[in-house]
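Look at the fold first, then the surface. Here is a short briefing to read beside the model.

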Amino acid sequence: MYKLDLPVDYKEAAAIERRRNMESQRKSRIFNAKTRIIGVDLDAIDQQKKDKQQMEEYERRRHEAFAHDLIRADQIAELLEKRQQHDVSQLNMALNEFRALHQQPNSRREWDLYDPDYLKKDKPARVHDDDPRCGISSMQKFDGEDLNQKARSKFMGEQHREWAEQQAREKEAARMRQKEADRLYELKMRELDERAMDLQRAEEQCRKAMDCAQADYNNALARENAEKQRLHKQQQEDDNATEIANHVFGDILTENPAVAQSAFGAHRVITDRWKGMNPQQLEDIKQTQLNQMKENARLKQEEALRDKEWEDQRIAHARAALLLEREKERAARELNKQFVDDNQRLGAEQESHKEFLDKEVYTNPPTAAYFMQFNTTTR
């Protein structure tokens, strides 16, 4: 007998179908992300995301402003350094040009002592019989004689005078050139100083503008808080005045006898509405009201003092928060630097580990059929 010939158990089939329906419903609930996150305050989360985005945008703009300031300062410093290098280069070029034009070796007085062409320029040992360089053996010149002393002395004097005048002219020309170079250098330094002062004034004006904008923003916040406090105080005073007017002109203080009049007869009154108080009680009520007014005035004065103390504390907290924020920024910069170093190190380690996994471990990568067997049931 085959299995197909067995009778069908309808109860068991119904139970199997019921379990299948429950499993499909459970699967729809679990795998539905929208149903799974019911109960979360989406408006609050959206508001938090919006506040966080606004704070990040504010921090981004602030960092961009500081980055622009740093870039501008670096550009100014680089420009000043380039100008200084250009000035030094120009002075060196002028000095080399002066040396090449006015300090040649052949223009020196001692040139004849170490002239490499001295032997080429020298006269022969003997030119003719009357050559004054002949010695005693020639019988033309004897020891101690100096026949050309006057001419030689005169020539030497003229030559010394010419040399002295030439040296004086050269010194005067060098002094004038040095003076002109000093004057040009001083003018250039003044120009650079003026440009640096202009840049510094521009930077100070920019900083003052930022401080003025911050002060205007703080003043606007202060005025807004003061206006809110004034409106709150005015609302309280109006409410108090309305309450006082209601009490003054109401049936309680006016002692309207018609309120206590009973519908069963004119001689009968409603006890819970009767206003038959004596003058002493009325006077006590008035005195109590005056005391309440004084107490309210005292409470308002104390509230004003508390508000002033709160304002002072708020300003002190704001200053402390600013200092903490600066310290936090410095710590964040150090932490970011450390994070960058750690990330670089971890990146290198991960790359090496990934290369090890790809080449040594994961030699048999899984196919799509392997991943299709997951998340098919809720159990």
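The notes below cover the model, its fold, its surface patches and its cysteines.

This is a predicted model, where local features need pLDDT of at least 70, side-chain atom pairs count only at pLDDT 80 or more, and totals for chains, interfaces and linings use all residues. Residues are numbered from 1 along each chain as its sequence is written, and side-chain values use heavy atoms, with hydrogens and water left out.

**Fold**
- The protein has 8 helices and 2 strands (DSSP runs: H or I of at least four residues for helices, E of at least two for strands, numbered from the N terminus).
- From the N terminus, the order is α-α-α-α-α-α-β-β-α-α.
- Of the 379 residues, 4% are buried (buried is under 20% relative accessible area, exposed over 50%, partly exposed in between, with a 1.4 Å probe and protein chains only).

**Surface patches**
- Glu237, Asp238, Asp239 and Glu243 form a negatively charged surface patch.
- Glu237 sits in helix α5, residues 149-249, and is partly exposed at 31%.
- Phe356, Val361 and Tyr362 make a nonpolar surface patch of about 320 Å².
- Phe356 belongs to helix α7, residues 279-361, and is partly exposed at 45%.

**Cysteines**
- The structure has 0 disulfides (pairs of cysteine sulfur atoms within 2.5 Å).
- Cys206 is partly exposed at 31%, and Cys212 is partly exposed at 46%.

Methods
Patch = residues over 30% accessible without salt bridge, like charges linked within 9 Å, V, L, I, M, F, W, Y side chains within 5 Å. Areas by Shrake-Rupley, 256 points an atom, 1.4 Å probe, with all protein chains shown as cover. Salt bridge = Lys/Arg side-chain N within 4 Å of Asp/Glu carboxyl O. Lys, Arg positive; Asp, Glu negative; His and termini not counted. Charge placed at Lys NZ, Arg CZ, Asp CG, Glu CD.
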